[in-house]
Amino acid sequence: MIKVSVVILTFNQAAFIGDTIESALNQTTNFEYEILVGDDFSTDGARDIILDYQKRYPNKVKAVLHSQNLGQNGLFNTIETLKLAQGQYIAPLDGDDYWTSPDKLQKQVNFMDAHPDYSACFHNALITFEDGSPSVEVNRPDQKKKIEVEDLIGEDEIWFMATSAVMFKNHLMYYPEWFLKSTSGDIPRYVILAKHGPIGYIPGLMSVYRKNKGGASFKDHYRDERFLTNRIMMYEGINKETDYKFDKSMRRNIARYYRMMLDARQLSGSYFKKAALAANYLLMKGADLAECKEITRDYILPKWIMSTYSFFALLPYKIRQSSH
């Protein structure tokens with residue numbers, strides 16, 4: 001019986017996928033596990049590497065190769081690969097990340113078996129940067145050990161679980177329409193899992209999360225209208241998914257994205273759209289008087305009105321100056 005399905009998801013990560021698969025093969029366990037490698041139609045040679053591993057480890061590695069790129073930032077690759085998973089638990093792993101502890105799977109299975117009411121668990125991960133910036137750990141020493149839905153909802157975006165650090169029960173996940181349209185998989189996934197039971201934290205650094213230009217983490221642009229619109233849609237979906245129990249915090253979170261949208265590249269010079277977004281932002285946030293004045297001045301009132309106002313406001317001063 002297969003206890004764990006390791007689900008590796010990749011697209012054009014030939015430079016990293018070998019290390020990723022090796023880290024999964026190097027696990028020491030007292031149970032059977034499989035390694036599914038879902039490739040979203042890579043064209044950089046990653047497929048050849050995956051097929052080579054399948055050839056060398058036919059009883060462990062299974063290549064899941066699609067005939068075309070399934071899109072949506074890898075979400076549909078994830079869904080299709082998960083359909084093939086036979087394990088009681090799922091251990092996801094992005095194609096440019098890797099595990100650093102050979103006991104990672106065993107420790108997480110031990111935890112999940114000992115806590116049958118939990119939906120998932122996670123451990124600490126190290127974030128490394130392609131540009132050579134100092135590495136940082138995802139989790140602080142005081143990381144909360146039991147995570148519930150309310151811990152994943154806030155006025156800001158909350159993220160403290162690296163994909164490579166999570167293990168969750170198979171067959172719990174479902175994908176509402178808003179999720180299928182989301183460019184983020186992790187944020188909504190953890191909320192849905194937490195609805196089925198708490199998520200536990202296991203102290204210990206056991207994986208590396210690479211931030212590189214080829215990875216999905218570099219494709220989220222906070223001055224990109226499409227990305228910001230997608231985030232708004234996603235959080236509106238999460239708000240509905242949680243029966244609006246956290247509506248106040250969620251609305252303020254969504255308001256943040258409306259505020260960022262005002263400076264989106266695509267809206268440069270688009271007065272009417274900016275004005276509507278600005279009004280929506282003020283309404284959702286419940287902004288104070290000072291911010292209302294600032295946003296109204298900068299985004300709602302037409303520039304010619306502000307120019308006219310400035311002209312007449314300064315006119316008495318100019319007259320007095322010219323009379324001297």
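This is a predicted model: local features need pLDDT of at least 70, side-chain atom pairs count only at pLDDT 80 or more; totals for chains, interfaces and linings use all residues.
**The chain as a whole**

- The protein chain has 324 residues, and buried residues make up 48% of them.
- Its secondary structure consists of 11 helices and 10 strands.
- Along the principal axes, the C-alpha trace spans about 90 × 40 × 40 Å.
- Among contacts with a sequence separation of 6 or more, 74% come from residues 24 or more positions apart.
- Charged side chains number 40 positive and 40 negative, and the centres of these two sets lie 6 Å apart.

**Helix H3, mostly covered**

- Helix H3 runs over residues 75-82, and six of its eight residues are buried.
- Those buried residues are Leu75, Asn77, Thr78, Ile79, Thr81 and Leu82.

**The loop between S3 and H3**

- Two residues to look at here are Gln72 and Asn73, both found in the loop between S3 and H3.
- Gln72 has a phi near 55°, which is a positive value in a residue other than glycine.
- Asn73 is not a glycine either, yet its phi is positive, at about 60°.
- Gln72 counts as partly exposed because its relative accessible area is 25%, a value between the 20% and 50% cut-offs.
- Asn73 is partly exposed too, with a relative accessible area of 37%.

- In helix H10 (residues 289-300), the residues Glu291, Ile295 and Tyr299 are buried.
- Why do these three share a side of H10? They cover an arc of only 30° around the axis, so they sit on the same side of the helix.
- As a general point, an α-helix has 3.6 residues a turn, so residues three or four places apart point the same way.
- Leu289, Ala290 and Lys293 are exposed on the other side of H10.
- Helix H8 (247-261) and helix H9 (271-285) are among the elements that cover the buried residues of H10.

- Ser182 lies in the loop between H5 and H6.
- Is Ser182 buried or exposed? Its relative accessibility is 1%, so Ser182 counts as buried.
- Setting aside residues up to four places away in sequence, Ser182 touches Gln72, Leu75, Pro188, Asn230, Met233 and Met234.
- Ser135 is located in the loop between strand S6 (120-129) and strand S7 (136-137).
- Ser135 counts as partly exposed because its relative accessibility is 40%.
- Apart from its neighbours within four places in sequence, Ser135 is in contact with Leu126, Ile127 and Thr128.
- Ser135 and Lys245 are 110 residues apart along the chain, and their C-alpha atoms are separated by 37 Å.

**Asp96, a buried acidic residue**

- Asp96 has its place in the loop between S4 and strand S5 (98-99).
- With a relative accessibility of 4%, Asp96 counts as buried because that value is under 20%.
- Asp96 and Ile8 are 88 residues apart in sequence, and their C-alpha atoms are 9.4 Å apart in space.

**Cysteines**

- How many disulfides does the structure hold? The count is zero.
- Cys121 is buried, with 0% relative accessibility.
- Cys292 is partly exposed, as its relative accessible area is 23%.

Notes
Residues are numbered from 1 along each chain as its sequence is written. Side-chain values use heavy atoms; hydrogens and water are left out. Buried means under 20% relative accessible area, exposed over 50%, partly exposed in between (1.4 Å probe, protein chains only). Helices (H or I, at least four residues) and strands (E, at least two) are DSSP runs, numbered from the N terminus. A disulfide is a pair of cysteine sulfur atoms within 2.5 Å. Contact means heavy atoms within 4.5 Å. Lys and Arg count as positive and Asp and Glu as negative; His and the chain ends are not counted. The place of a charge is taken as NZ of Lys, CZ of Arg, CG of Asp or CD of Glu. The arc is that of the directions from the helix axis to the C-beta atoms.
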